[in-house]
Amino acid sequence: MMAASVVKEKVASGGPKDRQYVTALARGLKILRCFNHDRRELSPQEIVRLTGLPQPTVWRLCHTLHREGFIQCSVENGRMMLGLPALALGYAAHVQQALPEVALPYMRALTERHRLGISLAVRDGLQMLYLQRTHGDFIYFNDPVGARRPLALAPTGWACLSTYDDAERSEVLQALKRQMPTKWSDTLSRLERARQDYRKHGCILSIGILHGQLNAVAVPIRSVKSGRVYGLSAAGLATEWPKKQLLAVGAELTELARDLAVVAD
């Protein structure tokens, strides 16, 4: 999986071309990725803005996806939404993953013990896709399974980056730099601090980054089978969870991550 993600980043960045890479298919998938929990319906113009693809290309691809059932169009306002075939694919991918189901009771136990929100996520491009969640006392944090957050801000993303090998880390950092050139200096500084935290404590800390009242701690889970890296985080109110208390929870997350690495795909 890591090799595939590196190839994808190289092609997307204009690097060495892969003769087996089908650009039209990749563009269609890019359109499907525009839809998420927060963006359930989109207009063609919004898809053009989100993908950066030319409008004629978006029209042709959306027409094809509509003909195949992967996109539905509203007769009232012309906005588009995912169709049932896309839902079926998402469900098939989710049930194939053993990790979210195995992790859930342990995440619930942590939440019951500490009243923290616990998240399990995996990187998808430059976003973190949440595979499992338990809800703590801090409502702002309660996003559902399937939600996405920018890797540059997500504690789970920082945890993944902190344990990537040099090649994969470099690929992701270069892609982030291209995505946010004006904010790159601050972003890189936060990511480097997170990496230093990981080296020192075995976990990363996010103090007031996602929200002024939210603190979080996160650790990576590297699958023993595939080497794929997931992120596991815990978050709560900053007033109740300063750095010292977060580090204690981080030790629990680290122990859990070691156990989950055996069952992760």
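1. The side chains of Glu-192 and Arg-169 meet in a salt bridge, with 3.1 Å from N to O, a salt bridge being a side-chain nitrogen of Lys or Arg within 4 Å of a carboxyl oxygen of Asp or Glu. Because Glu-192 lies in helix 9 and Arg-169 in helix 8, the pair ties together parts that are 23 residues apart in sequence. Arg-169 counts as buried at 4% relative accessibility, whereas Glu-192, at 29%, counts as partly exposed; buried means under 20% relative accessible area, exposed over 50%, and partly exposed in between (1.4 Å probe, protein chains only).

2. This is a predicted model, in which local features need pLDDT of at least 70 and side-chain atom pairs count only at pLDDT 80 or more, while totals for chains, interfaces and linings use all residues. Residues are numbered from 1 along each chain as its sequence is written, and side-chain values use heavy atoms, with hydrogens and water left out.

3. Glu-168 forms a salt bridge with Arg-123, the closest N and O atoms being 3.2 Å apart. This pair links distant parts of the chain, 45 residues apart, with Glu-168 in helix 8 and Arg-123 in strand 3 (residues 117–124); helices (H or I, at least four residues) and strands (E, at least two) are DSSP runs, numbered from the N terminus. Glu-168 is buried, with a relative accessible area of 4%, and Arg-123 counts as buried at 13% relative accessibility.

4. The whole structure holds eight salt bridges. Among the residues involved, Arg-33, Asp-124 and Arg-148 are linked in a network of salt bridges.
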